[in-house]
Amino acid sequence: MRQRRTVSRMLCQVCGADTLKHDPERQLFVLKDVGRPIEEGELTTAAPVCPPCALIAVEHCPHLRGHVAAWVERPLPWGVAGILYDRDTLSPVPGDDLTKVAYGDPARHWLVATRQVLSLNGCTAVFKDTGYLLPTGAVDPRRPLPREAVTT
Ligand SMILES: [Zn+2]
């Protein structure tokens, strides 16, 4: 219930704040690293996070020890994820993860859905070394100071 509520209302998955109030033009998504940046049309069951909570999430969530992030302009409802059942045997279809099924797909009748799936569109990948997870105005300690700020 919490996942569907946060995804459908674009609430931060950590603090529950409305991410549209923070930035109505785009939302920050932080996903488990799969060895590449978040791609256009990426499917996810993750809800957005507000930037301050992104710091907390990547520090404390074991699932995000390796992560990728993107600002997303159009996170669109795509379908549902859950346990898919075989229509002939009525047994769960074997698999390691939840099965994602698009709205309109006939397979949805054989799925016990537990999560809503979003399609991420208008993605701008962001990288750790750009300091995107730092609060606005904070100095990224990994970046060199501007030349004029260095005193001798
Ligand atoms: Zn938050």
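## A salt bridge to start with

(A salt bridge here is a side-chain nitrogen of Lys or Arg within 4 Å of a carboxyl oxygen of Asp or Glu.) Aspartate 23 counts as buried at 16% relative accessibility, while arginine 26 is partly exposed at 33%. Buried means under 20% relative accessible area, exposed means over 50%, and partly exposed is in between, using a 1.4 Å probe and protein chains only.

Before going on, some ground rules: this is a predicted model, where local features need pLDDT of at least 70 and side-chain atom pairs count only at pLDDT 80 or more, while totals for chains, interfaces and linings use all residues. Residues are numbered from 1 along each chain as its sequence is written, and side-chain values use heavy atoms, with hydrogens and water left out.

## The other salt bridges

How many salt bridges does the structure hold? There are four. One of them joins the side chains of arginine 36 and glutamate 42, at 2.8 Å from N to O. Arginine 36 is partly exposed, with a relative accessible area of 31%, but glutamate 42 is buried, at 13%.

Arginine 74 also has a partner, glutamate 73, with their closest N and O atoms 3.6 Å apart. Here arginine 74 is partly exposed at 42%, and glutamate 73 is partly exposed at 46%. Elsewhere, salt bridges that share partners tie Arg36, Glu39 and Glu42 into one network.

## The zinc site

Which residues hold the zinc ion? Its protein donors are Cys12, Cys15, Cys50 and Cys53, each through its SG atom, at 2.1 to 2.4 Å from the ion. Donors are N, O and S atoms within 2.8 Å of the metal (3.2 Å for Na, K and Ca); water is not among the atoms, so sites may look incomplete. The angles between the four donor atoms run from 102 to 117 degrees, so the arrangement is tetrahedral. (Four donors get that label if all angles lie between 85 and 135 degrees.)

Along the sequence, the donor residues follow the spacing C-x2-C-x34-C-x2-C. Cysteine 15 is partly exposed at 46% relative accessibility, whereas cysteine 50 is buried at 11%.

## Strand β1 and its partner

Strand β1 covers residues 27–32, and five of its six residues are buried, so the strand is largely enclosed by the rest of the structure. β1 pairs with strand β3 (residues 67–84) in the antiparallel sense, over six bridges; two strands pair if DSSP finds at least two bridges between them. In this pairing, lysine 32 stands opposite histidine 67 in β3.

## The whole chain

Now step back. The protein chain has three helices and five strands, in the order α-α-β-β-α-β-β-β from the N terminus. (Both are DSSP runs numbered from the N terminus: helices are H or I with at least four residues, strands are E with at least two.)

Of the chain's 152 residues, 36% count as buried. Among contacts between residues at least 6 apart in sequence, 69% join residues at least 24 apart, where a contact means heavy atoms within 4.5 Å.

How values were computed. Tetrahedral: all angles 85-135°; square planar, octahedral: opposite > 155°, others 65-115°.
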